[in-house]
Amino acid sequence: MTLSQAIIKCMDYIDTDESMYSIYAKKVNGRFRPDSEALVLKLTIDEMEMKSIEVAEKKCPGFDYFLEIFVLKDFYEDLLKLEEFKTDIKRVERIIYYAEFDA
């Protein structure tokens with residue numbers, strides 16, 4: 001899946017007390033892009049306590065941590081309320097910017 005697809009489908013993932021979801025994606029020229037290859041990983045309690053780089057090395061070598069789904073959902077819901085982010089691509093671009101520079 002692409003990073004855009006993972007972001008747009010973020011509401012499909014529900015965290016539990018035993019697991020949570022995080023997105024890992026491949027960077028292109030050192031940056032995340034809407035078309036970057038992405039994975040949504042369901043992490044166990046033990047994996048949640050690991051550093052994100054260790055999770056990537058273990059479960060998805062070549063990918064980098066992007067965002068946890070619960071963080072993404074909160075931000076995504078806020079963007080849905082703003083007129084300037086009415087299109088999927090605008091929301092995706094803003095979330096990528098957030099993940100790289102503000103998170």
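Modeller: Two strands pair if DSSP finds at least two bridges between them, and both strands (E, at least two residues) and helices (H or I, at least four) are DSSP runs, numbered from the N terminus. What you see is a predicted model, in which local features need pLDDT of at least 70 and side-chain atom pairs count only at pLDDT 80 or more, while totals for chains, interfaces and linings use all residues. Residues are numbered from 1 along each chain as its sequence is written, and side-chain values use heavy atoms, with hydrogens and water left out.

Colleague: What makes β1 and β2 paired strands?

Modeller: Seven bridges join β1 to β2, and since at least two are required, the strands pair; they run antiparallel. Among the bridge partners, A25 has A38 in β2, and Y21 has K42 in β2. On the other hand, β1 is also joined to β3, by four bridges and again antiparallel.

Colleague: Why are β2 and β3 called edge strands?

Modeller: The open sheet has three strands in the order β2-β1-β3, with antiparallel pairing. Each of β2 and β3 has a single partner strand, so one side of each is left without a neighbour in the sheet.

Colleague: Why is the pair of Y24 and Y65 called edge-to-face?

Modeller: The structure holds five aromatic pairs. In the pair of Y24 and Y65, the ring centres are 5.8 Å apart and the planes stand at 75°. Rings of Phe, Tyr and Trp (its six-membered ring) pair if their centres lie within 6.5 Å, and planes under 30 degrees apart count as stacked, over 60 as edge-to-face and the rest as tilted, so this pair is edge-to-face. Y24 lies in strand β1 (residues 19-25) and Y65 in strand β3 (residues 64-68), 41 residues apart, and Y24 stands opposite Y65.

Colleague: What makes Y24 buried but Y65 partly exposed?

Modeller: The relative accessible area of Y24 is 2%, so Y24 is buried, whereas Y65, at 31%, counts as partly exposed.

Colleague: What makes F32 and F66 a pair that ties together separate parts of the chain?

Modeller: Their rings are 5.0 Å apart, centre to centre, with 85° between the planes, which is edge-to-face. F32 lies in the loop between β1 and β2 (38-44) and F66 in strand β3, so the pair ties together parts 34 residues apart in sequence. F32 is buried at 8%, as is F66 at 2%.

Colleague: How do you know that the length of helix α4 agrees with expectation?

Modeller: The expected span is 1.5 Å times one less than the number of residues; for the 12 residues of α4 (residues 69-80) that gives 16 Å, and the end C-alpha atoms are 16 Å apart, so the two agree. Helix α4 lies across β1, β2 and β3, running at about 55° to β3. Its buried residues, including L72 and F75, pack against α1, β1, β2, β3 and α5 (88-102), contact meaning heavy atoms within 4.5 Å.

How values were computed. Buried means under 20% relative accessible area, exposed over 50%, partly exposed in between (1.4 Å probe, protein chains only). Axes are lines fitted to C-alpha atoms, for helices over the stretch in contact, and angles run from 0 to 180 degrees between N-to-C directions.
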